[in-house]
Amino acid sequence: MAATSLLSQLHGFGTLSDMALAMSESSVPALFEDDPARAEDFTLEAAGLKLDYSKQLLDREALAALMALARDAKLDKAATALLSGTEVNNTEGRPALHSLLRATNAPGLEDKLAEVESSRARMREWADRLNTGKHLGFSDAVITDVVNIGIGGSDLGPRLVTEALRPFQGSVACHYVANVDPADIQDTLLGLNPETTLFIVCSKSFRTEETLTNSLVAREWMLNAGATEADLAKHFLAITTNLEAATEFGIDAANCLPMWDWVGGRYSVWSAVGLSCAIAVGWDNFEQFLAGGAAMDQHFAEAPLEQNMPVLLSLLEVWYCNFFGAGNHVILPYDNALQRFPDFLQQLTMESNGKGVGKSGQPVDYATGPVLWGSAGTMGQHSFHQLLHQGTELCPTDFILPLTTHTGMTEQHRRLVANCLAQSRTMLVGRTLEDAHASLLNRGVDEARAEELAPHLAMPGNRPNSVITMQALTPATLGALIALYEHRTYCSGVMWGINPFDQWGVELGKEIGVQILGIMSGEDTDSATDPATDRLIREWALAQE
Ligand code: F6P
């Protein structure tokens, strides 16, 4: 296997380290003063989204150097490689073709596209059938509720889309069960009627413990309510690559929709994995969602590096992660409907790029991605924003801001927008010691106390952030937003020389989980763990007495 270049070996890495050092001592407000075109020029538009990155700790020279680094990492060839089906997932020997799931034509990939189109037709049938009240349960009652049972990529994407597009909700309510904690399924089923509920067992592998355990509970619930084994076909669908396991589990083969090994779980919301959200918002809206993603694919494929939004977001990630040592990236959607977006992005980015070796297996000598976290604005303002403004951690932040609301409450929404802009600006300008001092005197604090307190009120500012706006959160803009971060994640993987499409690191925990369950249930009397785990198992056993 040809060795992939590691980031630290790229021409220009050293220069950028020096530039970052100089930039960390510069002032972004001063950059605005020196460069009147900055606010306008440091923006990009694509697929209904506008990115303002003018508040980033970056001048034109550093930007050009980052672009040169990207060229050296062959990032200019990366979009074509991904979109044309090159084997970018080298450790599993396959392409990563999530973009095909939202495509309407794909030269060279016609066979795969035909399979995708046939799956889309079946999704549409189910979405229409349920939304027109034509699908009946075992007692001939109309199905009113759908429960998606899945975890990770088989849960986070469809759950996000369903919640984010609530204003587009059709007649069927969709619910999500993911956790193996019995409280999750118990709470969900409490509010539902078996006669009017349909389950979608969503699992690419059909081997995931959480999903299979919860599906058995759902099955029992249905049988206990009077459904016969034969009736289960009216109440269970499966989305999987593993048809054999799904049918063995008892799901009618006719009710199984396909997944493909060339789509990663965390990139799969566009496939039948998204059936629950397609049902929730209706097929036409789901098609708009696909079209939004496809518009971002086109931008990614065609825009030059300097104008390419996923590329730019990725280079900012690399800039802070590798040249400033930032270990965090914060996502703040100022839209309640997007409150799950940070959760979704955690899997997308950290399962993709949380890797310690390059594509050829050589250890990397630099960070490969920050910890991503965040929450819907304005909630964080009253909890963790203190750290953003005055803490010692550098936390580059993306604000996401739909400019209009679906609620009709425009005046209240204005407050939300004002808060978003205020937080972004506060991160930029901070407050000098002199201003802090003066403001204390203005409040009537005496001179000595003002002197004492001023350092506590002063804020450094210069805290990098971007603002991504859109006219409104619609199926199309949501599709574009998700595809934007998918491509950003891939671009960062290319820059770091790693494979963003495998996830070997989650396997060992699953294996050890099976072993520990065997010990706890008494089936495995031979294995021992470590002294600390053994003690905790004994503690658990005592608690059961
Ligand atoms: O545990 C991680 C993971 O393997 C994810 O990559 C995946 O999205 C999730 O589990 C669920 O997997 P499946 O769809 O096969 O049930």
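The side chain of Arg38 lies over the face of Phe32, 5.3 Å from the ring centre. Its charged end also sits over the ring of Phe42, at 4.4 Å from the centre of that ring. A charge is said to sit over a ring if NZ of Lys or CZ of Arg is within 6 Å of the ring centre and within 35 degrees of the ring normal.

This is a predicted model, in which local features need pLDDT of at least 70 and side-chain atom pairs count only at pLDDT 80 or more, whereas totals for chains, interfaces and linings use all residues. Residues are numbered from 1 along each chain as its sequence is written, and side-chain values use heavy atoms, with hydrogens and water left out.

Aromatic rings may also meet one another. A pair of aromatic rings is described by the distance of the centres and the angle of the planes. Rings of Phe, Tyr and Trp (its six-membered ring) pair if their centres lie within 6.5 Å; planes under 30 degrees apart count as stacked, over 60 as edge-to-face and the rest as tilted. By this rule there are 19 aromatic pairs. One of them joins Trp260 and Trp262, which are stacked at 5.0 Å centre to centre with 15 degrees between the planes. Trp260 and Trp262 are both buried, a term that means under 20% relative accessible area, with exposed meaning over 50% and partly exposed in between (1.4 Å probe, protein chains only). Phe341 and Phe344 are also stacked, because their ring centres are 6.3 Å apart and their planes are at 10 degrees.

The next topic is the ligand. Around it are 14 residues, of which Gly153, Ser154, Ser203, Ser205 and Thr208 come nearest; a residue is near a molecule or strand if one of its heavy atoms lies within 4 Å of it. A polar side-chain atom of Ser205 lies 2.6 Å from an oxygen atom of the ligand, and one of Thr208 lies 2.5 Å from a ligand oxygen atom.

With the cut-off that the two sulfur atoms lie within 2.5 Å, a search of the whole structure finds zero disulfides. For Cys256, the nearest cysteine sulfur is that of Cys202, 12 Å away. Cys256 counts as buried because its relative accessibility is 6%.

Methods
Polar contact = N/O pair within 3.5 Å; in protein donor to acceptor, adjacent residues only side chain to side chain.
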